[in-house]
Amino acid sequence: ALGGWSLNPLVRAYSAKPMNPAYTYTVTGVVSFNLRPDVVPGQQVWLYDSSYAGGKRLNINAFSIPQFPSASQLRQGTAPRNGIRGFPATSADIALRRDFRVTERIGLQLSGEAYNILNHPNFYNPSSLYGGYVNGSLISLSSATFGLATSMLSNGNQSGYVGSPMLSIYSFGGQRDIQLSAKVTF
């Protein structure tokens, strides 16, 4: 009764992925440039509040779009490339297995596996599209979701941290997932 058991715990933790706030400059509806905005000195990049998903959001007042008289004067803003980090991610997984010997040649393995057993929320990087220009005219200062985490890591871009396009239930960073299985070996 006490033999054939195995317990496999696994804790995964990843640092926050880099992100770049950006705005779009479109010339005659055909050519678009994604550029980084300027950083406003003295403004915090993040605003912290428990009402935001993940407890923080990008501060819209920390960035500004440079003014351009013409498309020939486009430039990257002062916001550093990959200078902002989004959300870190963690997950605690566990598997419990029991092997049974049915006959000398046939075995049975019963297992239960729980992924993200603590159901810890892992958020994808916030929306970082700041606004844009069309033919030199400012069309919007920002989208309504600028700086807010609007999806879970497993739904963000379907590649998450593992780099494989899979269904969100199989991707790292999703909700708690429990599965039971039985395997016959012969």
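Where is N116 found? In this predicted model, N116 is found in the loop between β11 and β12 (129–134). The report below sets that residue in the context of the whole chain.

## Overall composition and confidence

The protein has 186 residues, of which 31% count as buried. Its secondary structure comes to 1 helix and 14 strands. When contacts between residues at least 6 apart in sequence are considered, 66% of them join residues at least 24 apart.

The average pLDDT of the protein is 82, and 82% of the residues score at least 70. Over residues 157–163, however, the pLDDT is below 50, although this stretch has 19 contacts in the model beyond near neighbours in sequence. Where pLDDT is low, the predicted coordinates should not be read in detail.

## A four-stranded sheet

An open sheet is formed by 4 strands in the order β1-β10-β11-β14, and the pairing is antiparallel. Its edge strands are β1 (5–14) and β14 (177–185), each of which pairs on one side only. On average, and with direction ignored, neighbouring strands of this sheet are turned by 15° against each other. Strands of a sheet pair through backbone hydrogen bonds, either parallel or antiparallel.

Within the sheet, strand β10 (residues 89–101) runs antiparallel to strand β11 (residues 107–115), and 8 bridges join the two. One of the residue pairs involved is R98 with L110, the latter being its bridge partner in β11.

## Residues of strand β10

The C-alpha atoms of A89 and K17 are separated by 9.3 Å, while the two residues are 72 residues apart along the chain.

S91 is also found in strand β10. With a relative accessibility of 6%, S91 is likewise classed as buried. The side chain of S91 makes a polar contact of 3.0 Å with the side chain of D93. Not counting residues up to four places away in sequence, S91 touches L10, V11, R12, N116 and F172.

N116 has a positive phi of about 50° although it is not a glycine. At 3% relative accessibility, N116 counts as buried.

A second residue, N119, lies in the loop between β11 and β12. Its phi is near 55°, again a positive value in a residue other than glycine. Is N119 buried or partly exposed? N119 counts as partly exposed because its relative accessibility is 37%, which falls between the cut-offs of 20% and 50%.

## The largest nonpolar core

In soluble globular proteins, nonpolar side chains tend to be buried together. The largest nonpolar core of this model has 12 residues in all: M19, Y23, Y25, L35, W46, L58, A62, F63, I65, I84, Y130 and F146.

L35 is one of these core residues. Leaving aside neighbours within four places in sequence, L35 is in contact with P21, A22, Y23, Y25, L74, R75 and Q76. Among these contacts, Y23 and Y25 are also members of the core.

Notes
Residues numbered from 1 in each chain as written. Predicted model: local features only at pLDDT ≥ 70, side-chain atom pairs only at ≥ 80, totals over all residues. Heavy atoms only, no water. Pairing = 2+ DSSP bridges. Axes fitted to C-alpha atoms, helices over the stretch in contact; angles between N-to-C directions. Core = buried A, V, L, I, M, F, W, Y, C linked by side-chain atoms within 4.5 Å. Buried < 20%, exposed > 50% of the residue type's maximum accessible area, 1.4 Å probe, protein only. Contact = heavy atoms within 4.5 Å. pLDDT = per-residue confidence, 0-100. Polar contact = N/O pair within 3.5 Å; in protein donor to acceptor, adjacent residues only side chain to side chain.
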